[in-house]
Amino acid sequence: MLVEENKPLAPFTTFGIGGPARWFAQATSEDDVAEAVAWARGRSVPLFVLGGGSNLLIADAGFAGLVLHIALRGISVAQQPDAAIYSVAAGENWDSFVQRTVDDNCAGVECLAGIPGTVGGTPVQNVGAYGQEVASAIHCVRAFDTVTERFVEFAAADCGFDYRRSRFNTTDRGLYIVTRVDYRLTLGGAPTLRYVDLQRAFPADSGATLAEVAEAVRRIRQTKGMLLVEGDADCHSAGSFFKNPVVTEEQVKHIALAAAKEPPRFPAGSGPANAGRVKVPAAWLIDQAGFAKGFTNGRAGISTRHTLALTNRGEATAAEVLALANDIANAVEARFGLCLEHEPVLLGFKSGSVSPGGRAVAEDEQKIAPR
Ligand SMILES: Cc1cc2nc3c(=O)[nH]c(=O)nc-3n(C[C@H](O)[C@H](O)[C@H](O)COP(=O)(O)OP(=O)(O)OC[C@H]3O[C@@H](n4cnc5c(N)ncnc54)[C@H](O)[C@@H]3O)c2cc1C
């Protein structure tokens with residue numbers, strides 16, 4: 001395994017922002033993953049796992065550890081009577097995999113078309129959009145346990161999936177390196193048409209194919225700057241920068257009072273922690289707090305097509321993006337008393353530099369503890 005030094009990281013991210021990695025290596029096999037962990041442990045160096053860099057804001061100073069770029073490739077399929085199990089290496093491109101499944105007429109991830117990043121990144125924050133989440137398609141996740149230095153497999157039920165959450169970004173953050181994800185998809189299944197824009201495009205009796213729905217999702221995403229398209233300034237982002245807050249009915253009343261109008265809301269999800277709660281769109285709250293689409297703060301700004309995406313409008317620094325994120329979070333808190341949680345992972349920032357008041361936790365990644 002080749003270990004490079006002082007490798008610029010900005011080109012590995014969709015923001016196009018971030019300083020260098022002190023050390024950088026690429027894993028093309030499970031052996032490489034184990035070797036990288038041993039390398040970092042042997043030198044007491046922190047290790048950070050990089051996928052497609054599409055949910056990541058890297059500090060201008062970079063990362064003073066080893067960045068391990070996951071580049072394992074390969075897809076195999078096991079057919080069952082009415083389903084197909086796709087075993088997909090973590091470094092495969094997510095959207096290409098989605099296209100492969102719809103071409104094979106297998107249902108389950110068609111609404112997740114157009115999401116950037118790698119397959120290995122999808123279980124980490126339980127990627128979701130347009131009425132689907134990977135939680136309902138994942139069969140199991142294979143990962144390297146950086147403490148025991150052994151490979152383990154988790155059934156979907158053991159991954160702790162919830163809205164933009166899993167064990168991999170909460171209780172076990174930094175403990176596992178995902179090397180393969182198995183998805184169980186329905187052979188000849190109908191597309192999921194839960195999302196209103198999709199229902200409009202495909203009435204119930206339209207007989208829409210999986211491929212048509214995936215293509216429609218990509219088209220809708222493009223209108224919102226949520227598809228990576230060469231030359232589109234709005235997609236130099238990490239997608240949604242803030243999660244939609246899950247709130248109680250009491251909080252909804254408070255928001256309505258503060259805004260002098262009812263906020264839009266939608267179901268919070270089925271977990272027991274969500275009982276009696278609803279999701280309020282963060283985009284609506286941000287808009288009401290005075291930050292509209294197209295707002296700019298120097299070289300950082302809000303997408304001109306989606307209030308939730310913070311963008312690099314050309315040579316922006318991580319500090320500028322973070323300052324804008326903090327201004328937005330502060331304004332929403334002042335107006336509605338709600339703490340917005342950010343969605344992307346922040347790498348290399350010092351604790352306390354993120355969202356004054358310590359609402360959001362910066363990641364001073366120290367992933368591999370020395371023995
Ligand atoms: C334009 C745009 C639109 C987006 N739309 C959506 C959307 O609709 N829905 C959605 O959920 N997300 C969306 N995202 C966010 C992002 O694409 C997803 O979260 C994606 O799954 C991140 O994968 P990645 O490989 O790029 O991960 P990275 O950004 O490289 O890493 C993100 C986190 O996952 C960890 N990680 C990555 N790979 C592994 C691995 N193999 N093992 C262990 N940890 C790993 C990293 O350490 C890091 O903590 C969007 C982003 C952009 C830029």
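## Domains

Which domains does the domain assignment of the chain give? The model is a predicted one, and its chain is assigned domain 1 (1-71 + 344-371), domain 2 (75-223) and domain 3 (240-343).

Domain 1 and domain 3 touch: 16 residues of domain 1 are in contact with 15 residues of domain 3. On the domain 1 side of this contact there are nine nonpolar, five polar and two charged residues.

## Overall fold

Seven helices and 20 strands are found in the chain. The radius of gyration is 20 Å, close to the 21 Å that the globule rule gives for 371 residues, so the chain is as compact as a globular protein of that length. Along the principal axes, the C-alpha atoms fill a box of roughly 60 × 55 × 40 Å.

Of the 371 residues in the chain, 46% are buried. Among contacts with a separation of 6 or more, 63% are between residues 24 or more positions apart.

## Ligand shell

How many residues surround the ligand, and which are the closest? The shell has 33 residues, and the closest are Gly51, Gly117, Gly120, Gly121 and Gly239. By class, 18 residues of the shell are nonpolar and 15 are polar, while none is charged.

Domain 1 (1-71 + 344-371) and domain 2 (75-223) each contribute at least three residues to the shell around the ligand. In terms of secondary structure, at least two shell residues come from each of β3 (47-50), β9 (128-129) and β13 (176-187). The most is given by β3, which supplies three residues.

How do strands β11 and β12 run, and how many bridges join them? Strand β11 (residues 138-145) and strand β12 (residues 150-155) are antiparallel and are joined by six bridges. One of the paired positions is Cys140, whose bridge partner in β12 is Ala155.

The two strands, β11 and β12, form a hairpin with four residues between them. In the turn, Glu149 has a positive phi of about 55°.

How values were computed:
Residues are numbered from 1 along each chain as its sequence is written. This is a predicted model: local features need pLDDT of at least 70, side-chain atom pairs count only at pLDDT 80 or more; totals for chains, interfaces and linings use all residues. A residue is near a molecule or strand if its C-beta atom, placed from the backbone, lies within 6 Å of it. Ala, Val, Leu, Ile, Met, Phe, Trp, Tyr, Cys and Pro count as nonpolar, Asp, Glu, Lys and Arg as charged, and the others, Gly among them, as polar. Domain bounds come from an automatic or database domain assignment. The radius of gyration is taken over C-alpha atoms; the globule rule is 2.2 Å times the number of residues to the power 0.38. A residue is buried if 20 or more other C-beta atoms lie within 10 Å of its own, exposed if 12 or fewer, and partly exposed in between; C-beta atoms are placed from the backbone. Two residues are in contact if their C-beta atoms, placed from the backbone, lie within 7 Å. Two strands pair if DSSP finds at least two bridges between them.
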